[in-house]
Amino acid sequence: NEAIPPRRSAVYAGGMKRLAVIALALLANPAIAQESPYDSRGRYEVKQTLAGPGCHFFRPIMPEPHPSPVILWGNATNTMVVRYAPMLTQWASHGFIVGASVSGNAGSGREMLACLDFLQKENARDGSVFYGAVDPSRVGASGHSQGATGAIMAGRDTRIETTVPIEPATRGGHYELGAEKKQHGPMLLLSGGADNITEPLSNHKFVFDDANVPVVWATLLAA
C-alpha cells in the first residue's frame with residue numbers, strides 16, 4: 001500500500017449519528033454513497049447468520065448476486081452483539097456485510113479478523129451463502145470501547161481500508177502502543193465528551209495526534 005499523508009480534523013458535535021454514518025461512505029462505491037441516506041434504513045432486507053469462529057453476520061439480501069463491502073465489528077467488554085444489532089442491521093440494509101465477533105473480549109482485533117478470514121474462504125466456496133458475495137478489496141473495521149481498540153488493532157492488517165473506533169479503550173491491556181501508526185486507510189475516531197471510562201484526552205488524543213493516516217476526530221460533548 002502507498003503511504004497516505006496524515007491529515008487531521010477535530011469536530012465537536014451536538015449530534016453524532018450523522019457523523020457516524022460518514023464511515024459507511026468510505027467503503028461504498030460513489031454511486032451507492034450518493035444514493036443512500038445512511039442515517040435511515042436502507043433498501044435491502046437483512047439476514048442474520050451465526051457461523052465461522054464465533055461470528056455473527058448481518059448480510060443484505062440482494063435480488064442478484066453482487067459483491068458487497070465488509071464491516072468488521074467488535075463489542076465492548078462483556079457485551080453481546082444483540083446490544084448493537086439495530087445499528088448493524090441498518091448498516092447491512094445499505095448493502096454491507098457486517099461481520100461481528102460474538103466475543104466480549106475483542107480488543108486484540110484477532111477475533112474480528114477471524115471473521116474476515118472466514119468470509120474470504122466462504123466467498124470462494126461454491127454453495128456458501130457468501131459465495132461471490134464478498135468484496136475483499138473494500139473492508140473496514142469498527143467497534144465500541146474494547147471493540148474499538150480491536151478495530152484499531154485490526155487496522156494494522158493490510159486488508160483493512162478504513163477504521164471507525166467508537167470510544168476506544170486504549171489504556172487497557174489489549175492495546176499495543178504504536179498500533180495507531182500502522183494503519184492502512186483513513187480513520188473516523190468517535191468520542192463522548194462526558195465519557196469518564198474511556199476519557200478522550202487520555203485514550204483518544206494520542207491516536208488522533210500520532211496516526212499515520214488521515215483522521216477525523218468527532219466528539220459528542222454531552223455523551
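This is a working chat about one predicted model.

Student: What are the ground rules for the numbers here?
Tutor: The model is predicted, so local features need pLDDT of at least 70 and side-chain atom pairs count only at pLDDT 80 or more, while totals for chains, interfaces and linings use all residues. Residues are numbered from 1 along each chain as its sequence is written, and side-chain values use heavy atoms, with hydrogens and water left out.

Student: How many helices and strands does the chain have?
Tutor: Eight helices and nine strands. Helices (H or I, at least four residues) and strands (E, at least two) are DSSP runs, numbered from the N terminus.

Student: What share of the residues is buried?
Tutor: Of the 223 residues in the chain, 54% are buried. Buried means under 20% relative accessible area, exposed over 50%, and partly exposed in between, with a 1.4 Å probe and protein chains only.

Student: And the accessible surface of the chain?
Tutor: About 10,200 Å², with 55% belonging to carbon and sulfur atoms. The areas come from the Shrake-Rupley method with a 1.4 Å probe; for residues, only the protein chains shown count as cover.

Student: What percentage of contacts join residues at least 24 apart?
Tutor: 69%, among contacts between residues at least 6 apart in sequence. A contact means heavy atoms within 4.5 Å.

Student: Strands next. Which strands pair with E7?
Tutor: Strand E6 (residues 134-144) pairs with E7 in the parallel sense over five bridges. Strand E8 (residues 187-192) also pairs with E7 in the parallel sense, over two bridges. Two strands pair if DSSP finds at least two bridges between them.

Student: Why is E7 called largely enclosed?
Tutor: Because five of the five residues of E7 (residues 162-166) are buried. Thr162, Val164 and Ile166 point one way from the strand, Thr163 and Pro165 point the other way, and all are buried.

Student: What does E8 do on to E9?
Tutor: E8 and E9 pair in the parallel sense over six bridges. In E9, Leu220 is the bridge partner of Gly192. Five of the six residues of E9 (residues 215-220) are buried, so E9 is largely enclosed by the rest of the structure.

Student: Back to E6 and E7. What unit do they make with H6?
Tutor: A right-handed β-α-β unit, with helix H6 covering residues 146-154. Right-handed here means that, with the strands pointing away from the viewer, the path from the first strand over the helix to the second runs clockwise.

Student: Is H6 buried or exposed?
Tutor: Nine of the nine residues of H6 are buried, so H6 is largely enclosed by the rest of the structure. Among them are Gln146, Thr149, Ile152 and Met153.

Student: What do they pack against?
Tutor: Strand E4 (68-74), H5, E6, E7, E8 and helix H8 (205-210).

Student: Change of topic. How many disulfides?
Tutor: One. It joins Cys55 to Cys115, S to S 2.2 Å, where a disulfide is a pair of cysteine sulfur atoms within 2.5 Å. Cys55 is in strand E3 (residues 55-60) and Cys115 in helix H5 (residues 110-123), so the pair links distant parts of the chain, 60 residues apart.

Student: What hand does the link have?
Tutor: The link of Cys55 and Cys115 is left-handed, with -105 degrees about the S-S bond.

Student: Are the two cysteines buried or exposed?
Tutor: Cys55 counts as buried at 1% relative accessibility. Cys115 is buried too, with a relative accessible area of 0%.

Student: What does Leu116 touch?
Tutor: Leu116 is in helix H5 and is buried, with a relative accessible area of 1%. Not counting residues up to four places away in sequence, Leu116 touches Leu72, Val139, Arg159 and Ile160.

Student: Last topic, rings. How many aromatic pairs?
Tutor: Six. Rings of Phe, Tyr and Trp (its six-membered ring) pair if their centres lie within 6.5 Å; planes under 30 degrees apart count as stacked, over 60 as edge-to-face and the rest as tilted. One of the pairs is Phe57 and Phe118, with centres 5.7 Å apart and planes at 20 degrees, so the pair is stacked. Phe57 lies in strand E3 and Phe118 in helix H5, so the pair ties together parts that are 61 residues apart in sequence.

Student: Which residues form the cluster with Phe57?
Tutor: Phe118 and Phe130 form one aromatic cluster with Phe57. Both Phe57 and Phe118 are buried.
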